[in-house]
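Colleague: Please take me through the aromatic contacts of this model, with the criterion behind each label.

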Amino acid sequence: MSTTIREIAEKTGVSITTISQILNGKGERFSEATKKKVFHAAEQMKYKPNFFAKNMIKNHTNTIGMVVPEVTDVFFSQLVKGAEDYLNGEGYMIMLCNSSNDTKREDHYIEELLHRAVDGLIIASPHILASEVFSRLKEKRCPFILLDRERNERQEGRIAVDDFAGGYIATKHLIDLGHRKIGIIVSDASFYNVFERFEGYRKAMREHDLPIFEDWVVSGDQTMQGGFDATRALFEQDAEITAIFATNDLMATGTYRYAYENGIVIPDALSVIGFDDIELASFMTPALTTIRQPIYEMGTLAAKALLGKIERPEEAMPNHLLKLELMERSSTKKFDSGSSSTV
């Protein structure tokens, strides 16, 4: 059990009222000796104030709710870290909820966080939020940020990247290297960001009069295993593929594993490009060429914008469309028509 003010009073012989005022920064009228005695005892006894009781009086809990679709995904763990590092520096804590890509669970968590009187919400969602959820957020006057890849209609507090442009840049990079048979690994169509990356791929291919065969488009889970299975399906359907655009870096890692197990040398026989630039990407062998989106910075920016809204509720939160960057490393190279697909 935590130490109480009554226990500090018993140890020091100072009244409960005096101790309460000193510990709450209102002890100017007390002697330095008394204040020193109280602070010393509180430190020795590891006293911590009842944070929520203290702050609920002010209708302020210094707690931010955050909902992510998959906390084990390194993209979202980096996003959470960016938000948490900033919030901790401002005296706030995060109450984190993992929806496991379940829309009902996501809506439930948002409702529960509102019941717990969080000061604001950061919602990273690939889904369209139910209208009831928006109504509850409005009813509770709870500020919130959407990291949703622009799925939900909203005028403020949206932080996103141009996934369409990212898909186009990734594919054009491969085309500029001379590749013409370019496979793409996508995921569940409900993920708006992946759909946009696929549309960017299609635009780049069409601009260069390149065919897009059905066999070149394979879906898989947004995991390393999903990337492995999708790559296997690609090569089973068309062994002539010379390059693959994996729409996230975890799936690209699965592509690496398939290539290794089947004697396909990257990049000599197969160029691979990913998307996200997670920390692992630069440590892979060869280092993964990918489209970098500023994941940590997105979390930081979301937290900063949200606190701004909490402090100045009358001001609209800005929208941010963050820049993407091609990180050209060692997993892509100029296509050599004489190369073999295997060792």
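Predicted model: local features only at pLDDT ≥ 70, side-chain atom pairs only at ≥ 80, totals over all residues.

Modeller: Residues are numbered from 1 along each chain as its sequence is written, and side-chain values use heavy atoms, with hydrogens and water left out.

Colleague: How many aromatic pairs does the rule give?

Modeller: Rings of Phe, Tyr and Trp (its six-membered ring) pair if their centres lie within 6.5 Å; planes under 30 degrees apart count as stacked, over 60 as edge-to-face and the rest as tilted. The count by this rule is five aromatic pairs.

Colleague: Why is the pair of F75 and F76 called edge-to-face?

Modeller: The ring centres of F75 and F76 are 5.0 Å apart and the planes stand at 85°, so the pair is edge-to-face.

Colleague: What makes F75 count as buried?

Modeller: Buried means under 20% relative accessible area, exposed over 50%, partly exposed in between (1.4 Å probe, protein chains only). F75 has 5% relative accessibility and therefore counts as buried. F76, at 14%, is buried as well.

Colleague: What is the geometry of the pair formed by F235 and Y258?

Modeller: That pair is stacked, with 5.8 Å centre to centre and 20° between the planes. Both F235 and Y258 are buried. Ring pairs also link F228, F235 and Y258 into a cluster.

Colleague: Which ring does R197 lie over?

Modeller: R197 lies over the face of F275, 3.6 Å from the ring centre. The criterion requires CZ of Arg or NZ of Lys within 6 Å of the ring centre and within 35 degrees of the ring normal. K203 lies over the face of Y168, at 5.3 Å from the ring centre.
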